[in-house]
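Open the structure in your viewer and keep the selection tool at hand. The tour goes from one selection to the next and says what is there.

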Amino acid sequence: MAMITICGFPCSGKSTRAQQLADFLQAKLADPLCPPHHRARKVVLLNDESLGILKRSYDVDARAEKPARATLFSAVQRNLARDAIVIVDAMNYIKGARYQMYCEAREVGVRTCTLFIATPPDQCKERNSARQGPTAYAPATLDNLISRFEEPNSAARWDAPLVTVAADDPPLDAPTGGAGGEGVEGSEAAQQVWRAITEGELKPPNLATQSVQTSSTSYLTLLDSTSSSLITALLSRQSLSPHSGPTTLTLPPSSSAPRTAAPLRVTLTLNRPVALPQLQRLKRQFVQLHARTAGATEFDDKRIVAMFAQYVEEQMR
Ligand SMILES: Nc1ncnc2c1ncn2[C@@H]1O[C@H](COP(=O)(O)OP(=O)(O)OP(=O)(O)O)[C@@H](O)[C@H]1O
């Protein structure tokens with residue numbers, strides 16, 4: 001039914017908010033007034049603890065951060081379903097990683113929403129210093145993660161709709177009629193999330209293919225060469241017939257594909273011709289988005305072509 005991506009600094013209160021949200025959603029689903037088409041079978045909460053990821057994985061020299069992100073991404077892939085609400089309770093500090101989860105949610109045909117836990121860094125540091133043992137981040141790790149955090153932006157389609165919760169906002173599972181009430185009404189932010197995952201725009205899925213493991217350098221080459229092939233094919237098509245509308249392009253398979261691999265085919269719909277400099281700019285953005293997750297989440301040439309075609313289409317709308 002939906003994927004809710006939580007993001008925020010370490011110790012910003014993500015798990016606290018995620019649990020409140022899960023309680024709110026459970027109550028909504030159990031409500032007899034909830035329309036049947038909004039009734040998910042389950043609410044799944046994914047986080048470091050449930051996936052066995054230790055805080056020290058994020059240490060600057062731990063080399064475990066990419067595997068940790070890969071573990072999270074696989075869990076998201078496994079759990080996304082039309083009858084489930086998946087809450088991804090993690091820092092999700094890399095926009096490329098949020099973008100890939102968004103693409104995955106589109107594949108499955110579920111709505112998405114981002115919940116940003118906007119707690120100031122100093123408050124996060126205070127909370128971290130109150131922690132004891134392995135749940136505390138090393139101070140250098142905390143600073144590093146805070147400085148690398150790529151704040152969500154409601155103008156980016158993978159972060160939209162974006163709901164922001166401040167540190168002193170009321171609990172998401174606020175009771176009906178205030179404290180002491182019987183049912184769960186939910187705070188304004190919780191209501192916004194509910195609207196996003198039940199009424200928000202449902203984007204059509206892309207071409208479904210498998211993600212693959214490659215070495216990061218060859219993955220960057222694959223991203224670059226595959227998106228360049230699409231640009232070449234598109235420019236050549238535009239030079240023959242500059243009409244707008246759906247265009248099916250045929251591209252040679254990537255050089256790393258088996259010799260017997262079939263050509264790649266992709267259809268994209270543009271309402272005007274796109275010039276080379278613009279396509280190059282879009283390619284740079286696209287490669288940059290994916291390069292940030294190289295080593296953790298990587299896709300094959302078929303999927304890269306489909307995702308780049310979709311990226312161009314959406315940016316040119
Ligand atoms: N709104 C809040 N007001 C005050 N304290 C809070 C609030 N939310 C969370 N805390 C406290 O801050 C600490 C960190 O909370 P929490 O574990 O939810 O953060 P987190 O962002 O999930 O952490 P991590 O980065 O380790 O996953 C906990 O001690 C929690 O009780």
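Start with the shell around the ligand: by class it has three nonpolar, five polar and two charged residues. Here Ala, Val, Leu, Ile, Met, Phe, Trp, Tyr, Cys and Pro count as nonpolar, Asp, Glu, Lys and Arg as charged, and the others, Gly among them, as polar. This is a predicted model, in which local features need pLDDT of at least 70 and side-chain atom pairs count only at pLDDT 80 or more, while totals for chains, interfaces and linings use all residues. Residues are numbered from 1 along each chain as its sequence is written.

Select G8, P10, C11, S12, G13, K14, S15, T16, R127 and A167, the residues around the ligand. A residue is near a molecule if its C-beta atom, placed from the backbone, lies within 6 Å of it. Helix α1 (residues 14-30) gives the most to this shell, with three residues. Helices (H or I, at least four residues) and strands (E, at least two) are DSSP runs, numbered from the N terminus.

Stay with C11, in the loop between β1 and α1. Its phi is near 65°, a positive value in a residue other than glycine. Is C11 buried or exposed? C11 is buried, with 27 other C-beta atoms within 10 Å. A residue counts as buried if 20 or more other C-beta atoms lie within 10 Å of its own, exposed if 12 or fewer, and partly exposed in between, with C-beta atoms placed from the backbone.

Next, select N92, in the loop between β3 and α3. The phi of N92 is near 45°, also positive in a residue other than glycine, and N92 is buried, with 24 other C-beta atoms within 10 Å.

Move to P161, in the loop between α5 (139-148) and β5. The peptide bond from A160 to P161 is cis, with omega near -10°.

Now select helix α6 (residues 188-199). Its buried residues are A189, A190, V193, W194, A196 and I197. They are on the same side of α6 because they cover an arc of only 165° around the axis, taken from the directions from the helix axis to the C-beta atoms. The face turned away from that side carries the exposed residues E188 and E199.

Finally, colour domain 1 (2-199) and domain 2 (216-315), whose bounds come from an automatic or database domain assignment. Their C-alpha centres lie 31 Å apart. The contact takes twelve residues from domain 1 and nine residues from domain 2, where two residues are in contact if their C-beta atoms, placed from the backbone, lie within 7 Å.

Definitions and conventions. The expected span of a helix is 1.5 Å times one less than its number of residues.
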